[in-house]
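Visitor: I am new to this structure and would like a close look at a single part. Could you take me through the aromatic rings and their surroundings?

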Amino acid sequence: SVSGTVVSDSILMLKFDTLEDGTLQVSLKDGYYSVPRYIVIPSTFEGKTVTTIAERGFAGASNLVEVYLPETISTIGKGAFVLCSKLMKINIPNTVTEIGPQAFYECSNLNSITIPNTVTKICPQAFAGTGLTEAVFENPSNWQYYYLDDNWSGATNKKCSVTDLTNDQMSNKKTAAELLTSEEKYQVGRW
């Protein structure tokens, strides 16, 4: 369980921006990148739902060890936690559908992750440079990896060199971790 002190202290360090759909994205406020060890992202702020971890929202938070994401987050943005080298624990809630490019790049102390069955897209290098030795896919079926013709964004969504991943590959925690930590610029998706 999370104490009320951690939640209120976290809110003081967080910045919330309204997205086009009226929901919020969250990031660390300037000046706090070396401060927090633990962050609890609230599900709402001032009556609006928090749905997105902003692009580079927590990038370089040098002392961040643990992050709690609420069941309202659907997107973890590009480079959201890049270079959070002390990050050891983060939950990915059952509401997340997309993990952006380099979202956890160089989070070298992140050793295990659970990918919920709601995730359908893991962008290039999302977990490259992490310490992952175990990756658990709640739904190991129907995954593929492929290179994108536009080299990152997926805007055209034209897939090149599509490879189906077997249920056995994605059920094996070590094999799945090796796939996720690749430096290659391919995307993993489920259809």
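Guide: Here is a walk through the ring pairs and the core around them. Please keep in mind that this is a predicted model.

Let us start with the pairs: the structure holds five aromatic pairs. One of them joins Phe58 and Phe81, whose ring centres are 5.2 Å apart; the planes meet at 15 degrees, under the 30 degrees that sets the limit, so this pair is stacked. Phe58 sits in the loop between β5 (48-53) and β6 (66-68), while Phe81 belongs to the loop between β7 (75-76) and β8 (89-90), so that the pair links distant parts of the chain, 23 residues apart. Both Phe58 and Phe81 are buried.

Another pair, Phe137 with Trp143, is edge-to-face, with 5.0 Å centre to centre and 75 degrees between the planes. Phe137 has 6% relative accessibility and therefore counts as buried; Trp143, at 1%, counts as buried too.

Now back to Phe58 and Phe81, which ring pairs link with Phe104 and Phe127 into a cluster. Phe81, Phe104 and Phe127 are also among the residues with the most contacts inside the largest nonpolar core, which has 47 residues. Several elements each supply at least two residues of this core, including β1 (14-18), β5, β12 (134-137) and α3 (173-180). The most comes from α3, with four residues.

Finally, look around Phe104. Beyond its neighbours within four places in sequence, Phe104 is in contact with residues including Ile76, Phe81, Leu87, Ile99, Phe127 and Thr130.

How values were computed: Residues are numbered from 1 along each chain as its sequence is written. This is a predicted model: local features need pLDDT of at least 70, side-chain atom pairs count only at pLDDT 80 or more; totals for chains, interfaces and linings use all residues. Side-chain values use heavy atoms; hydrogens and water are left out. Rings of Phe, Tyr and Trp (its six-membered ring) pair if their centres lie within 6.5 Å; planes under 30 degrees apart count as stacked, over 60 as edge-to-face and the rest as tilted. Buried means under 20% relative accessible area, exposed over 50%, partly exposed in between (1.4 Å probe, protein chains only). A nonpolar core is a set of buried Ala, Val, Leu, Ile, Met, Phe, Trp, Tyr and Cys residues joined through side-chain atoms within 4.5 Å. Contact means heavy atoms within 4.5 Å.
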